[in-house]
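Trainee: Hi! Could you walk me through this one? I'm new to it and would like to go piece by piece.

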Amino acid sequence: MQFSRYGPLLSDATKCQLDDADKIPCGEPGIDASHCGAINCCFDGQQCYYGRTVTVQCTIDGQFVLVVARDATLPRISLDSISLLGGSDGPCGVADYNADFAIYQFPVTACGTRATVQGDYVVYENKMVSSYEVGVGPLGAITRDSHYELYFQCRYSTTSVESLAVALSSNDPPLPVVASGPLRVELRLGNGQCVTKGCVEEQVAYTSYYNEAEYPVTKVLRDPVYVEVRMLARTDPNLVLVLGRCWATSTPNPNSVPQWDLLVNGCPYKEDHYLTNLVPVDGSSGLPYPSHYKRFVLKMFTFVNPTSMAPLKERIYIHCSTAVCSQTAGATCQPKCNRRRRDVGSALWNSNPVSVVSSGEVIYTQY
């Protein structure tokens, strides 16, 4: 038997003992017993339903579903006393209820949820608390209400969606902070070409890409170079790939000199007379997770010898610093490039794991 801070939780056998009139369907219509059990619900041979407990589920479209039974503890939880980390109003309030159950459903980025990265998982964590009434006398204070605390998580990876719930006893510490993991990104160059009248070159360019055998890529000065940076092996629609600085060097080493900035804090470098052009990636792109991509176009150039001012006519390599941002209520992961101060700035880059990704070689030619 598990225990909340004050009240014991019901056993697995007891939690499924409900009258037919009190059963709330759980899962998709026609769900079988094994799948019903996998989402922490009860099955009576005909239907899947929520038990007399606290059930946490995670949907593939990034939603928490939290179903709280008043009989989850002894004495019963007061259903109107429940709140989340973000409070109990708006999207954090109860979505549906009856005399025996309260149902909450909200995005994994809302209601005070904390997002972290652990290896191949993006983890969203929140906390449910039931308040309790305290009686205060001249020599002490008491309560007769159950006080229940539950930490719960949704864990998203490339291939799975998982939920985890941990009820706290009076001596249980909070769940540990999840360590940051690696961000896998790829930088590639688009090579799609317009062959029909009226096509938009910036859109067609990203329909195909140079493969490894096609490098080095040859360009004439001022030719457009179509750059795409994408996040790999993530299926969480709430994650946003963020570019910090993008720059070019004349060697594969991103720390070598000379260097030329293309983007600064995700925005075009203003000292360049041929500004890098940011290409929006949205739902019209046909990509399943548009926020996992960033695209921009630069005009081909060559480095110049600082002493003789002679063009070096060398190859260039493109590099970008990247991070992952979680889109949460009241915050944005997109830079405002027309403002003097950026919304996505030093705070993001100081608190998130940063990866640097580089292109293959691009050669300047006069012909």
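Mentor: Happy to. Let's begin with Asn40, which is found in the loop between α2 (33–38) and β1 (42–43). Keep in mind that this is a predicted model.

Trainee: Okay, what is the phi of Asn40 like?

Mentor: Asn40 has a positive phi of about 70°, although it is not a glycine.

Trainee: And does Asn40 count as buried or partly exposed?

Mentor: Asn40 counts as partly exposed, because its relative accessibility is 35% and that class runs between the 20% limit for buried and the 50% limit for exposed.

Trainee: Where is Asn265, then?

Mentor: Asn265 is in the loop between β18 and β19. Those two strands form a hairpin with two residues between them. Phi of Asn265 is near 55°, a positive value in a residue other than glycine.

Trainee: Why does Asn265 count as partly exposed?

Mentor: Because its relative accessibility is 32%.

Trainee: How do β18 and β19 pair?

Mentor: In the antiparallel sense, over two bridges. Within that pairing, Leu263 has Pro268 in β19 as its bridge partner. Strand β19 covers residues 267–268.

Trainee: What about β17 and β18, how many bridges do they have?

Mentor: Four bridges, again in the antiparallel sense. Strand β17 spans residues 239–249, and β18 spans residues 259–264.

Trainee: What sits in the loop between β17 and β18?

Mentor: Pro258 has its place there. The peptide bond from Val257 to Pro258 is cis, with omega near 10°.

Trainee: Which residues does the cis peptide bond with omega of about 5° join?

Mentor: That one joins Tyr215 and Pro216. You'll find Pro216 in the loop between α3 (201–204) and β15 (217–220).

Trainee: Switching to sheets: what is the order of the open sheet of four strands?

Mentor: The order is β14-β16-β21-β20, with antiparallel pairing. At the edges are β14 (185–190) and β20 (277–279), each pairing on one side only. On average, neighbouring strands of this sheet are turned by 25° against each other, ignoring direction.

Trainee: What holds strands of a sheet together in pairs, in general?

Mentor: Strands of a sheet pair through backbone hydrogen bonds, either parallel or antiparallel.

Trainee: Back to our sheet, how many bridges join β14 to β16?

Mentor: Six bridges, and the two strands run antiparallel. For example, Gly190 has Tyr226 in β16 as its bridge partner.

Trainee: And how many bridges are there between β16 and β21?

Mentor: Seven, also in the antiparallel sense, with β16 at residues 224–231 and β21 at residues 293–299. Val227 stands opposite Phe296 in β21, while Val229 has Lys294 as its bridge partner in β21.

Trainee: How many residues of β16 are buried?

Mentor: Seven of its eight residues are buried, so that strand is mostly covered.

Trainee: Why does Gln63 count as buried?

Mentor: Its relative accessibility is 18%, and buried means under 20%.

Trainee: Which residues does Gln63 touch?

Mentor: Leaving out residues up to four places away in sequence, Gln63 touches Gln57, Cys58, Gln105, Phe106, Pro107, Val108, Cys154 and Tyr156.

Trainee: Great, I'll go and find those. Thanks!

Conventions
Residues are numbered from 1 along each chain as its sequence is written. This is a predicted model: local features need pLDDT of at least 70, side-chain atom pairs count only at pLDDT 80 or more; totals for chains, interfaces and linings use all residues. Side-chain values use heavy atoms; hydrogens and water are left out. Two strands pair if DSSP finds at least two bridges between them. Axes are lines fitted to C-alpha atoms, for helices over the stretch in contact, and angles run from 0 to 180 degrees between N-to-C directions. Buried means under 20% relative accessible area, exposed over 50%, partly exposed in between (1.4 Å probe, protein chains only). Contact means heavy atoms within 4.5 Å.
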